[in-house]
Protein chains: 2
Amino acid sequence: MKNAEWSGFFADAKTLDPDAYITLDYSFECVGAPDLAAAHFCAEQSTAQWRRVGLDEDLRPRFGARVLDLEVVDSGRTAFSYDAGRRPDGPVSACRVRVAHPHGNFGPRIPNLLSAVCGEGTFFAPGIPVVKLLDIHFPDAYLAAFEGPRFGVQGFRELLDIYDRPIFFGVIKPNIGLPPEAFSDLGLESWLGGLDVAKDDEMLADTPWCPLAQRSALLGAARQRAESETGVPKMYLANITDEVDRMVELHDLAVANGANALLVNAMPVGLSGVRMLRRHARVPLIAHFPFIAPFSRLEHFGIHTRVFTKLQRLAGFDVIIMPGFGERMHTSDDEVRENVNACLAPMGPIKPSLPVPGGSDWAGTLKRVYDNVGSTDFGFVPGRGVFGHPMGPRAGALSIRQAWDAIAAGVDVDAHAQHHAELSAAIRAFRPPADAPAVAPSADNPAGENRTGENRTGGER
Amino acid sequence: MKNAEWSGFFADAKTLDPDAYITLDYSFECVGAPDLAAAHFCAEQSTAQWRRVGLDEDLRPRFGARVLDLEVVDSGRTAFSYDAGRRPDGPVSACRVRVAHPHGNFGPRIPNLLSAVCGEGTFFAPGIPVVKLLDIHFPDAYLAAFEGPRFGVQGFRELLDIYDRPIFFGVIKPNIGLPPEAFSDLGLESWLGGLDVAKDDEMLADTPWCPLAQRSALLGAARQRAESETGVPKMYLANITDEVDRMVELHDLAVANGANALLVNAMPVGLSGVRMLRRHARVPLIAHFPFIAPFSRLEHFGIHTRVFTKLQRLAGFDVIIMPGFGERMHTSDDEVRENVNACLAPMGPIKPSLPVPGGSDWAGTLKRVYDNVGSTDFGFVPGRGVFGHPMGPRAGALSIRQAWDAIAAGVDVDAHAQHHAELSAAIRAFRPPADAPAVAPSADNPAGENRTGENRTGGER
């Protein structure tokens, strides 16, 4: 620290009121002295110019973000991890920093929170072209101002009357292009086969060729028929992703028609729009994940997925669909588990959200997901694994339930398949050839009856 | 192309109705055959499973996204540009692809547009861990459903009665921590010195220590006083970034109090929230850029800034503040110019937005910005360059106007400074030492009187 002026952006955590600060973990790469870079980093995200010209004042004690801890991981690199527009003009240091940011600077408002902790101050701090927000920790005093999930995991389970197993979702496919009647027929079949939740694809909106009004009326009626035939609760998860000024209206329309859960694409709509909907909603809200990967996939730049899982929970989602296990989703198993944990771990007064790690799932991937999650508190969300099943969606849904029966009984899934035709057919249709490359596309499968669902299908598809 | 089934995701542009498709340019890196990867890419972002099991149907002709053009830039790489979670299991091909996406799949709705063109289909297409959306082109038939800017460049100029020069903005500093009275005093000084627009920082929200009601009342009155004293229109740009369900209320409050333009952080609020506000707003809307860098900075991954500039214009911003010229903002001059162009170029029925390239500006950087933009259709937005001026903000504003007088008269700015004390003082205070590193932080400048504004100050700060 060359200059005592900058020491005002450092603090010992013990001297700060823990209720007044959000704690942030970042990695960053800089040229020059890491402690100075860290001080600038805090200045830029809080009170960058902390006194008026000519006046003897100091706004930092109340308004300054502070470096609590700075670790120089490596100080002699010759390049940044990514070419971010310029070459370093000196040795590059890779650092980890923990920052205390006074939330009184902006208040319990998601857009202002985002602007402060991952806005211009973070990504344009001088000398720091490469930075990633790794984690965020809120004091209960801040969390208390948020509503969080209305139902949470327990409330969601109560709606479905299911307490001892994962929740079985399915994305009705074909996802884009079917008229409401055909779409509804597929949903009914899947419920009758054993799905708990039949859902719209995240790309299916309120369109002229499949209007939400007609779709939700047909699916709402089909859901009630399925409940009546099976004797158990079912859920139709309608996608109301749309302009924010339509969401309350679409909520009311879909729920009146019998949709009993609603899907919203969190980032495309904006977390603040979700929070607005949460204050109005009378049914569970389910998040889908478009537009998170572009700022979270790379190891050393952007914003970690766990930050966004926490923010989605804060915004009020009861269920969070996320990129799941396996190489297909470009997300390490550890990272998926961290996101599962971000849904379920204690978070002050905010209820847990049900994690749904998705990625080209079918009956044969259920055990992997269960083993990785380590409990039954998750949702499982095949698409083609149900709706591309060669015997149809009822059999597709049944194959999932058969796989779970085997897992719950401690029986090998393949052995169980020998006496269960639907599970057996799923294995023949969806298990990748043993020698297939892990994710390279395979061309020899027509769209309706693909055999290598693992290889070809996106996310929950 | 191994399998004729996949040819349904290719098309000759001449065979498609141009009004029915959005055109998208992507770069991507894949293992395996590029044409198959491109076909999968189109499938995943449109009708991934394009027929029901057992039925002879094909949803692709109407609903399929199509490869119009595929260029393999390099086919023998041994690694992806970024380690995106796995090592390639074969040679990596770097490609450029132009895709036609039928907008009837989702309609003129920003969240659904984002979900389709940069959602799960884009970032989780099989075998494509590295992808960037480079550009987006809308047919007029699609644009016609959007409002776009209410004022545009011409309307914004009319409000200020300025037609022959750039618009001079300034961010009132200290940005965080001042009470409304002190903040208002600074704004008044800056208007009297020659600023057209005095603005709130993008991090300054409606907080207990500086409530928007009180701030906008004081600044609104100060603005009117400045107009009366100077005889020219002035603008107070109030930041109403907040939860979306407060924005209409805050609009009404601020405008009633005398704010005559409003700042919104586009991504933190969400572009759909902005569009909602646009339908209500009676004053110009100005965008700030937090949360765009994390998905746009890297060359080969994410979403290009020009896409977001176009989308911000589409959402209805009259003015778009963006990372500007020089190394400080980690954005190449070419990229800034492309964003300027995305604001100003014809876009069907959508009015132009005024570009404001920002980045540690002061009087001495004005000529660089003007030369780079190539016209007077831009805004210039210093922070400390006005409010950190050693003679105070009135002199800071005057130094900017003096610099412009020199530029407009074809006089060297340094020569002009010899007879203009404010400009001369700005040069002494803010010009980086000739031997200073380009962006490394410099420690020997206390916050109030920094001499190397170029080095230390973030964005418009």
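This is a predicted model: local features need pLDDT of at least 70, side-chain atom pairs count only at pLDDT 80 or more; totals for chains, interfaces and linings use all residues.

Q: Into which domains is chain A divided?
A: Domain bounds come from an automatic or database domain assignment. Chain A is split into domain 1 (4-143) and domain 2 (152-456), and their centres, taken over C-alpha atoms, are separated by 37 Å.

Q: How many residues of domain 1 of chain A are in contact with domain 2 of chain A?
A: Two residues are in contact if their C-beta atoms, placed from the backbone, lie within 7 Å. By that rule, 15 residues of domain 1 of chain A are in contact with 17 residues of domain 2 of chain A. On the domain 1 side, strand 4 of chain A gives the most, with seven residues; strands are DSSP runs of E with at least two residues, helices are runs of H or I with at least four, and both are numbered from the N terminus.

Q: At what angle do the axes of helix 7 and helix 8 of chain A cross?
A: Axes are lines fitted to C-alpha atoms, for helices over the stretch in contact, and angles run from 0 to 180 degrees between N-to-C directions. The axes of helix 7 (residues 180-193) and helix 8 (residues 212-230) of chain A come within 9 Å and cross at roughly 25°. That makes the two helices of chain A roughly parallel, a term for angles under 35 degrees. Among the residues that meet are Phe183(A) and Trp191(A) in helix 7 of chain A, and Leu218(A) and Ala222(A) in helix 8 of chain A.

Q: How is chain A related to chain B?
A: Two copies of a chain are related by a rotation about an axis and a shift along it. Here chain A can be laid on chain B with an RMSD of 0.0 Å by a turn of 180° and a shift of 0.0 Å along the axis, superposed by least squares on the C-alpha atoms of residues with pLDDT of at least 70 in both. The two copies are thus related as by a two-fold rotation axis. The same surface serves both copies, as 99% of the contact residues of chain A recur in chain B.

Q: How many residues of chain A are in contact with chain B?
A: There are 112 residues of chain A in contact with 111 residues of chain B, and helix 3 of chain A gives the most to the chain A side, with six residues.

Note on methods. Residues are numbered from 1 along each chain as its sequence is written. Chains are lettered from A and ligands numbered from 1 in the order in which they are written. Angles under 35 degrees count as roughly parallel, over 145 as roughly antiparallel, 65 to 115 as roughly perpendicular and the rest as oblique.
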